[in-house]
Amino acid sequence: MYRFSNTVIGVLNLLSLLASIPIIGAALWKARSSTTCENFLQTPLLVIGFIILLVSLAGFIGACFNVAWALWVYLVVMIFLIATLMGLTLFGLVVTSQGGGVEVPGRVYKEYRLGDYHPWLRERVRDPQYWISIRSCILSSKTCAKIESWTTLDYFQRDMTSVQSGCCKPPTACTYDTGVIVGGEDCYRWNNGIETLCYECDACKAGVLEEIRLDWRKLSVVNILVLVLLIAVYAAGCCAFHNTRHAAHPYHPSDDNRMTKVRPRWDYYWWRWWHEKKEQLY
């Protein structure tokens with residue numbers, strides 16, 4: 001049992017250690033990518049990846065080399081990691097439960113409204129400093145340049161990303177006939193200038209939030225899978241920690257298998273007296 005549980009915890013920790021490498025790599029790639037605009041998703045990925053790497057390494061060393069203190073640290077940190085990851089996953093599911101596009105009659109693409117998204121996300125994109133970085137990212141990614149050559153027919157037949165729908169054109173409801181602008185506030189924010197377009201529109205902010213929402217939903221699925229793995233590793237780690245303590249202190253007083261002073265049961269003398277009387281009678 002000792003070898004089996006320690007082997008299991010060693011293998012599971014090795015798998016979780018290897019799984020942390022692509023998580024860290026994905027976060028670093030997103031940080032360097034010019035087309036990635038949702039910057040605040042990079043930090044959680046890096047933190048989670050490095051914590052899983054360090055915790056798995058401590059658990060692997062403790063299980064394979066019978067280092068009790070390493071397993072103790074591993075179990076303490078692991079329970080906090082599980083609780084934190086569970087909280088982040090639930091928060092992500094709640095925050096991304098709202099949103100989604102609105103169908104546009106006669107068009108393939110959808111349009112997005114800022115009011116449909118969770119208040120926490122709306123406050124993020126309304127922060128001027130945060131939005132400046134997002135706006136620069138969209139400009140550098142040439143997202144709108146990809147649809148500059150579209151014809152009128154293309155706008156009816158082709159699909160767009162949420163960012164293109166919100167940032168690269170005015171809302172479909174806007175009309176600009178005879179110099180009179182008809183529509184919502186975004187219609188007044190629109191400008192044909194390549195540096196302006198609809199980057200200050202609420203529809204653009206909603207399009208960015210839609211991409212963030214979809215990415216966060218994918219991340220939540222990954223978090224759930226990682227949680228299942230961490231809980232399994234933690235359960236095996238408890239067994240390995242118990243076995244490591246017994247391997248280091250085989251005669252510990254708390255050991256249930258140690259020999260104790262033999263004492264007769266309470267009914268031993270009565271049972272012996274009864275059988276002696278029975279033998280005398282027969």
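Let us start with the disulfide that joins Cys 167 to Cys 204, with an S to S distance of 1.8 Å; a disulfide here is a pair of cysteine sulfur atoms within 2.5 Å. The torsion about the S-S bond of Cys 167 and Cys 204 is about 90°, so this disulfide is right-handed. Cys 167 lies in helix α7 and Cys 204 in helix α9, residues 202-248, so the pair ties together parts that are 37 residues apart in sequence. Helices are DSSP runs of H or I with at least four residues, strands are runs of E with at least two, and both are numbered from the N terminus.

Before I continue, a word on the source. This is a predicted model, in which local features need pLDDT of at least 70 and side-chain atom pairs count only at pLDDT 80 or more, while totals for chains, interfaces and linings use all residues. Residues are numbered from 1 along each chain as its sequence is written, and side-chain values use heavy atoms, with hydrogens and water left out.

Buried means under 20% relative accessible area, exposed means over 50%, and partly exposed lies in between, with a 1.4 Å probe and protein chains only.

How many disulfides does the structure hold? There are four. Another of them is formed by Cys 144 and Cys 168, with their sulfur atoms 1.9 Å apart. This pair links distant parts of the chain, 24 residues apart: Cys 144 sits in the loop between α5 (128-140) and α6 (152-157), and Cys 168 in the loop between α7 (162-167) and α8 (185-189). The link is left-handed, with -80° about the S-S bond, and both Cys 144 and Cys 168 are buried.

Cys 198 and Cys 201 are also joined, at an S to S distance of 1.8 Å. Their link is left-handed, at -90° about the S-S bond, and both cysteines are buried. With bonded cysteines counted along the chain, the disulfides follow the pattern 1-3, 2-8, 4-5, 6-7.

Helix α7 also holds Ser 165, which is buried with a relative accessible area of 3%. Leaving aside residues up to four places away in sequence, Ser 165 touches Tyr 109, Lys 110, Glu 111, Tyr 112 and Met 160; contact means heavy atoms within 4.5 Å.

Turning to the whole chain, the secondary structure comes to 10 helices and two strands, in the order α-α-α-β-β-α-α-α-α-α-α-α. Buried residues make up 38% of the 282 residues. Of the contacts with a separation of 6 or more, 71% are between residues 24 or more positions apart.

Finally, the surface. The chain exposes about 17,300 Å², of which carbon and sulfur atoms supply 64%; accessible areas come from the Shrake-Rupley method with a 1.4 Å probe, and for residues only the protein chains shown count as cover. Helices α2 (42-65) and α3 (68-95) each supply at least two residues of a nonpolar patch, and the largest share, seven residues, comes from α3. Val 77 is found in α3 and counts as partly exposed at 33% relative accessibility.
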